[in-house]
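Colleague: I would like to go through the labels used for this model and ask what stands behind each of them.

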Amino acid sequence: MHLFEIGNRADPEASPMHAHSWELRSRVLYGRVANLPVRTSAVRDGEEGATHRVFEVFSGSDGVDEIRPTPHLVRSEPGPAHISAGGETYTLAAGEFHSTALEGVEPAATLVHGTSIPGQLDLSLGPLDGRPRRTTRRLCDTAQTVRSVHTVLRRIDAEQRA
């Protein structure tokens, strides 16, 4: 489950543009989310026009992500945003660069189902001169998870009664 709230981002230093190693199917439970596809084209060594470096993301079960630069440079540009509202479902193919953001000022929640695709890597786009780094994801304990689920259920219930 993904919760989107204004001003609440998982890691402010993490690139919002990423590609999953898995196919994503996401149901918007409430609110509105913007899915912003990012079109990329490879830039060869010595060629001008690169805007980003591709990074591989290795996620550990302990919540630590190792983010490693690759030699691959790309030119990227945003595609048209796709807005999904409560009750709608959207899908993303593995390897498709995108970012997802809250659309509007109301909070949103999505329920995500992922299907791993063998051979695919988790990737992100970062600065051309980016260095390897580590980030630690904030993992919810049982009590936080229960509170979050109750928040989502109350919100869904309130919308259904309105």
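Colleague: What makes aspartate 157 count as buried, partly exposed or exposed?

Modeller: This is a predicted model. Aspartate 157 has 32% relative accessibility; buried means under 20% and exposed over 50%, so aspartate 157 counts as partly exposed.

Colleague: What makes the contact between arginine 161 and aspartate 157 a salt bridge?

Modeller: The N to O distance between their side chains is 2.9 Å, and the cut-off is within 4 Å, so the pair qualifies. The two residues are four apart in helix H1 and therefore separated by about one helical turn. Arginine 161 has a relative accessible area of 69%; the limit for exposed is over 50%, so arginine 161 is exposed.

Colleague: Why is aspartate 65 called buried?

Modeller: Its relative accessibility is 9%, and buried means under 20%, so the term applies to aspartate 65. Aspartate 65 forms a salt bridge with arginine 137 at 3.0 Å, N to O. The pair links distant parts of the chain, 72 residues apart: aspartate 65 lies in strand S6, arginine 137 in the loop between strand S12 (133-136) and H1. Arginine 137, at 34%, is partly exposed.

Colleague: Why are S1 and S8 said to stand at the edges of the sheet?

Modeller: The open sheet has four strands in the order S1-S10-S3-S8, with antiparallel pairing. Strand S1 (2-4) and strand S8 (89-92) each have a single partner strand, so one side of each is left without a neighbour in the sheet.

Colleague: How do you know that S1 and S10 pair?

Modeller: Pairing requires at least two bridges, and S1 and strand S10 (residues 108-116) have three, in the antiparallel sense, so they pair. Phenylalanine 4 has alanine 108 in S10 as its bridge partner.

Note on methods:
Residues are numbered from 1 along each chain as its sequence is written. This is a predicted model: local features need pLDDT of at least 70, side-chain atom pairs count only at pLDDT 80 or more; totals for chains, interfaces and linings use all residues. Side-chain values use heavy atoms; hydrogens and water are left out. Buried means under 20% relative accessible area, exposed over 50%, partly exposed in between (1.4 Å probe, protein chains only).
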